[in-house]
Amino acid sequence: MGAKTLISHSMRIAWKDLTELFRNRLGLVLLILMPLFMMAMIGFIYPSSNTTISNMPVGLVNFDSGNNTIPSQAFIRGLQQINSQTHMLKLSNVSNMAGIKDEVQKGDLDGGIVISSDFSASIMNGEQGTLTIVTDQSNPTIAAELQAALSAVFDQMSTLLAQEKVQNLSSTVTANDSLAVVKPYDVQTEGVVPGTPSYFNFIAPGIMMMTVMMSVMTGLPVAISQEKEVGTMDGMMVAPINRLSIILGKALGQTTRGLLQGFIIMALAIGLFGIAIHGSILLVVGLLLLGVFSFVGLGIVMTSVAKDQETAQMMMMTLMFPMMFLSGVMFPIQSMPWFMQDISKFLPLTYASDAMRKVMVLGAGVSDISMDLMIMIVFGAVMIAIAVPLFRRMMTR
Amino acid sequence: MVNLMENESIIDVQNLTKAFNDFVAVDDISFDVKEGEIFGLLGPNGAGKSTTLRVLSTLARPTKGTAKIGGFDILKHDNEVRKLIGIVSEKMIMYNRLTAKENLIFFGSLFDIPRDVLKKRIDELLELVQLTKWKDAQVGTFSTGMRQRMNVIRALLNMPKVLFLDEPTLGLDPQSSVEIREFVKKLNRENHTTIIITTHMMVDADLLCDRIGIMDHAKIVALDTSTNLKKMISGADTTILKLEIGNLSPDIIQAIQACGCTDAVTQENSTHLKIIVHGNEAFDSVIDAVRAKDGKVNSIENLQPTLEDVFLHITGHEVRDNADQKIPMEHHRRFGAAPNRIR
């Protein structure tokens with residue numbers, strides 16, 4: 001049986017699969033909705049540099065007492081002034097710590113600010129005034145964001161206060177000079193390519209890559225086990241065709257579906273979320289295809305192992321989640337603990353999404369991502385070498 | 001159907017065994033099928049009929065032994081075997097979202113039939129089963145009967161010399177079953193197609209098959225023509241009687257049961273009894289018993305043993321299962337029982 005008939009049979013099977021797919025209206029709609037939801041959800045929920053918290057309910061406890069409370073009054077006024085510009089917080093007065101705890105427990109507050117009883121006195125005496133940020137431990141993300149936001153606010157207020165004090169020391173000092181004394185470093189941020197960094201830039205290439213690769217890795221076992229269950233697989237198996245053309249045809253069909261989804265994601269990323277592709281489109285397509293190649297083998301292995309559709313679905317879920325999180329598609333690998341970073345080095349999706357990100361966002365060329373490409377090719381080849389004998393055995397039980 | 005080439009076996013099964021881990025589904029069976037024959041494998045669900053068919057049609061590998069189809073070994077020359085065979089299983093092998101024609105073109109194209117030949121053949125086959133009108137409708141919209149007809153012609157795309165039919169009438173209404181049987185007969189008569197059919201319905205086996213292999217617990221326990229199989233009973237000392245008693249009462253039934261010669265009594269309706277008796281004086285003693293209770297015997301038929309009786313006789317148990325065999329069984333009794341032999 002020649003390679004030509006093998007390919008022609010594969011094409012027939014792929015064509016049949018795609019015809020079925022396109023007749024399934026609801027399936028088609030979902031095919032487009034799924035990546036759209038995924039992009040929108042993840043892209044909007046996770047913060048990029050220009051997104052900030054807004055209207056976070058925070059309780060304010062003022063323990064400051066004594067004869068002179070001007071510094072604490074000034075602090076509160078300053079806080080309100082800054083907040084009226086940024087609308088980050090929704091401040092409310094609370095009488096004591098227990099009050100904050102109570103409100104946090106009820107869910108009315110996300111945290112609190114406590115002004116210590118000797119705040120004004122300390123400031124007047126030329127000492128540091130103590131402020132406490134109360135956080136909600138049940139929600140670490142909110143706690144961290146509140147802390148970061150308040151620290152920024154307090155930092156800004158401290159700077160202003162320090163500037164004022166420096167200026168008070170000498171009348172010749174201008175506002176700019178005083179700033180140079182208080183904050184000698186002016187930190188500026190600039191990207192290697194134009195544009196502000198956005199979380200979409202980070203996530204779109206990864207999701208695109210993931211969708212395409214998952215389509216062969218998970219779509220293949222599901223598609224084949226389904227045909228086995230319905231019985232249509234027998235119809236192909238009794239035909240005098242190479243067993244490989246069945247899996248090749250199925251893979252081809254699933255790849256086309258995956259690529260289609262990938263392109264939808266790309267179009268959405270560009271059209272809806274304003275992502276620019278800095279690299280060559282051809283290289284992007286090439287990367288997607290290479291991603292498919294590197295996962296086909298794994299898909300066939302899973303097909304050979306999964307006995308029915310249910311198992312195939314469960315295997316898909318089991319593998320998909322670690323892949324999604326460990327490959328740095330959604331969260332940077334750098335922010336993971338060391339052992340997870342080590343695991344992520346063994347996942348081909350790590351390299352694929354990394355390469356895709358470099359090409360799409362940074363405009364990298366082939367030579368820049370040669371290491372990623374090599375790893376994907378080797379992984380794909382090794383997996384196919386393992387998969388083919390396994391599959392042959394499965395087909396002729 | 002008597003074959004011209006009497007000695008030519010198109011299927012030759014040698015010590016075939018198929019086991020799934022510890023479970024032996026087919027246990028060392030051997031048989032051969034002549035070209036142009038209709039061969040039936042009869043037995044209850046789980047007897048190993050379908051597994052035998054799957055192995056023969058290259059869908060499963062035998063654990064031990066092998067078989068040859070048209071001279072080709074099912075293991076060594078599987079693709080040659082596949083060119084010769086067609087399979088119709090109880091599962092509908094077709095894609096619901098494709099039209100009838102698209103389905104047939106897809107499966108046909110896997111056999112490398114030239115496109116124009118294939119198209120002509122598909123038109124003929126659709127016409128043959130009266131589906132031409134629906135050729136461009138998606139098969140998902142078809143009725144069960146239409147789907148089964150599609151399922152059958154799909155298997156005929158490569159004009160197989162051997163057609164495997166796995167429970168082809170399962171779940172079909174009597175009308176559709178008759179159609180399928182007629183179609184199979186016609187195919188065998190006109191195209192000289194060898195047909196292997198598995199069924200747990202006696203009526204299928206009896207009406208269709210030249211020879212029947214009775215399978216039970218992974219073994220072929222008997223193999224012969226339907227007539228010869230039935231002779232196993234009639235040759236023995238057993239007689240099946242059907243009595244019509246005008247004033248049938250529980251008393252009379254009890255009296256018959258009390259006869260030493262009675263094996264079984266079944267009441268078919270308010271006036272008819274079917275009894276299985278043995279021994280030479282059986283007939284007389286039953287009549288005596290009825291008369292002793294003032295019963296009026298209106299008529300007596302000596303029933304031909306059915307394949308079901310044969311199965312019971314050989315295996316010691318009934319073809320266990322199942323509701324859908326009841327209707328055809330009644331057909332069978334009505335038409336199959338002839339009052340021809342009174343001892």
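The legends below accompany close-up views of a predicted model, moving from chain B as a whole to its four-stranded sheet and then to the contact between chain A and chain B.

**View 1. Overall make-up of chain B and its division into two domains.** In this predicted model, chain B contains 12 helices and 14 strands, and the chain is divided into domain 1, covering residues 9–224, and domain 2, covering residues 231–336. The C-alpha centres of these two domains of chain B lie 36 Å apart. Of the 343 residues in chain B, 42% are buried, and among the contacts in chain B with a separation of 6 or more, 72% are between residues 24 or more positions apart.

**View 2. The open sheet of chain B, with strands in the order E12-E13-E11-E14.** The sheet is built from 4 strands of chain B, and their pairing is antiparallel. Strand E12 (262–267) and strand E14 (297–303) of chain B each have a single partner strand and stand at the edges, so one side of each is left without a neighbour in the sheet. From one strand to the next, the twist averages 20 degrees.

**View 3. The pairing of strands E11 and E14 in chain B.** Strand E11, residues 238–245 of chain B, runs antiparallel to E14(B), and the two are joined by 6 bridges. Within this part of the sheet, B:Ile245 stands opposite B:Val297, a residue of E14(B).

**View 4. Helices H9 and H10 of chain B against the strands.** Helix H9, which spans residues 250–258 of chain B, lies across E11, E12 and strand E13 (272–278) of chain B, and runs at about 160 degrees to E12(B). Helix H10, residues 282–292 of chain B, also packs on the sheet, where it touches E11, E13 and E14 of chain B. The direction of this helix H10 of chain B makes about 140 degrees with that of E13(B).

**View 5. The contact between chain A and chain B, with attention to the side of chain A.** The contact takes 20 residues from chain A and 25 residues from chain B. On the side of chain A that touches chain B, the elements that give two or more residues are helix H1 (3–23) and helix H10 (232–237) of chain A, and the largest share, 6 residues, comes from H1(A). Sorted by class, the side of chain A that touches chain B has 7 nonpolar, 7 polar and 6 charged residues.

Conventions: Residues are numbered from 1 along each chain as its sequence is written. Chains are lettered from A and ligands numbered from 1 in the order in which they are written. This is a predicted model: local features need pLDDT of at least 70, side-chain atom pairs count only at pLDDT 80 or more; totals for chains, interfaces and linings use all residues. Two strands pair if DSSP finds at least two bridges between them. Axes are lines fitted to C-alpha atoms, for helices over the stretch in contact, and angles run from 0 to 180 degrees between N-to-C directions. Two residues are in contact if their C-beta atoms, placed from the backbone, lie within 7 Å. Domain bounds come from an automatic or database domain assignment. A residue is buried if 20 or more other C-beta atoms lie within 10 Å of its own, exposed if 12 or fewer, and partly exposed in between; C-beta atoms are placed from the backbone. Ala, Val, Leu, Ile, Met, Phe, Trp, Tyr, Cys and Pro count as nonpolar, Asp, Glu, Lys and Arg as charged, and the others, Gly among them, as polar.
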